[in-house]
Amino acid sequence: MRVVCIGDSLTYGYGVKRKDAWTTLVSQMLEGVEIINCGVSGDTTSGMLARFEQDVLKNEPDVMFLMGGSNDILFSHSITAAKNNITAMISQCSNKRIYPILGIPFPICVPCLTTEWKFYAEQKEVQPLYTEYVKWLREYAGHFHVPLWEMEAALPQDPAERMECSLDGIHWNEKGNELIAKYVSRQLNNLQKRF
């Protein structure tokens, strides 16, 4: 089963070595599963759509995992483009018989925010937009029967334990990537039976 993961730095594995990124770890955990990491740090959903043919369609995957929108919120303070772009990419998957999966981007770990991210993440529009975006993702996925992975479920619920997994309040360290890999592996292991 070939899986293309398209997204931003949360998919790429910003801040950790390639061997410690969750996509690499998933490849090691599951036999018969090829993971192609097409995450690009700093990317918006517009960028993902622009490179969709090259990164997704040309790789001819069985499954596409798409998680994006965080940078749309942080940088443009809007989710309009994100909703349109997500819809366009899921539609292209349907046309090419690629099984699509959506991931809900991780929430910001506010107590862990480093100085470089505080300017973006503490803007008053950010949290309400994130909440609205997550609501839309759930509604969209439910209406069109697209599997939706609650990526936050990979992380500890205890705030202190979650802080130990955070790199800078936005991205995850090696421990966080390991937990994410375990969650994704469980999801893909269940999905493998379909292919």
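1. Is S185 buried or exposed? S185 is buried, its relative accessible area being 7%, where buried means under 20% relative accessible area, exposed over 50%, and partly exposed in between (1.4 Å probe, protein chains only). The residue has its place in helix α10, and, if residues up to four places away in sequence are not counted, S185 touches V26, M29 and L30, a contact being heavy atoms within 4.5 Å. Helices (H or I, at least four residues) and strands (E, at least two) are DSSP runs, numbered from the N terminus.

2. On the basis of these values: this is a predicted model, in which local features need pLDDT of at least 70 and side-chain atom pairs count only at pLDDT 80 or more, while totals for chains, interfaces and linings use all residues. Residues are numbered from 1 along each chain as its sequence is written, and side-chain values use heavy atoms, with hydrogens and water left out.

3. The sheet is open and has five strands in the order β2-β1-β3-β4-β5, with parallel pairing; two strands are taken to pair if DSSP finds at least two bridges between them. At the edges stand β2 (34-39) and β5 (148-149), each with a single partner strand, so one side of each is left without a neighbour in the sheet. Helix α2 (residues 22-29) packs on this sheet, where it touches β1 (2-7), β2 and β3 (63-67), and its direction makes about 175° with that of β2; axes here are lines fitted to C-alpha atoms, for helices over the stretch in contact, and angles run from 0 to 180 degrees between N-to-C directions.

4. The pairing can be followed strand by strand. Five bridges connect β1 and β3 in the parallel sense, and L66 in β3 is the bridge partner of I6. Between β3 and β4, which also run parallel, there are four bridges, with P100 in β4 as the bridge partner of M64. Strand β4 (residues 99-103) then pairs with β5 in the parallel sense over two bridges, and L148 in β5 is the bridge partner of L102.

5. Strand β3 is mostly covered, five of its five residues being buried. V63, F65 and M67 point one way from β3, M64 and L66 point the other way, and all are buried. In a regular strand the side chains alternate between the two faces of the sheet.

6. W22 lies in helix α2 and counts as buried, at 1% relative accessibility. Leaving aside its neighbours within four places in sequence, W22 is in contact with C5, L10, T11, F65, N177, I180, A181 and V184. By contrast, the C-alpha atoms of W22 and Y140, which are 118 residues apart along the chain, are separated by 26 Å.

7. How many cavities of 30 Å³ or more does the structure hold? There are four of them. On a 1 Å grid over the protein atoms alone, a cavity is a set of points where a 1.4 Å probe fits but cannot get out, and its lining residues have an atom within 4 Å of a point; grid points are joined across faces, edges and corners, and a volume is the space filled by probe spheres set on the points.

8. The largest cavity holds about 140 Å³ of space. Its lining consists of L10, S70, I73, L74, P105, F106, P107, I108, V126, Q127, Y130 and I170, with α5 (70-76) and α8 (126-144) each supplying at least two residues. By class, this lining has 10 nonpolar, two polar and no charged residues, where Ala, Val, Leu, Ile, Met, Phe, Trp, Tyr, Cys and Pro count as nonpolar, Asp, Glu, Lys and Arg as charged, and the others, Gly among them, as polar.

9. In the second largest cavity lies about 50 Å³ of space, lined by S9, L10, G13, Y14, W22, H171, W172, N177 and I180. The elements giving two or more residues to this lining are α1 (9-12) and α10 (174-191). The lining of the second largest cavity divides into five nonpolar, four polar and no charged residues.

10. Two backbone angles deserve a remark. E60, found in the loop between α4 (52-55) and β3, has a phi near 45°, a positive value in a residue other than glycine, and E60 is exposed, with a relative accessible area of 64%. R97, in the loop between α6 (80-95) and β4, has a positive phi of about 60° although it is not a glycine, and R97 counts as exposed at 78% relative accessibility.

Key:
On a 1 Å grid over the protein atoms alone, a cavity is a set of points where a 1.4 Å probe fits but cannot get out, and a pocket is an open set with protein on both sides within 12 Å along at least five of seven lines; lining residues have an atom within 4 Å of a point.
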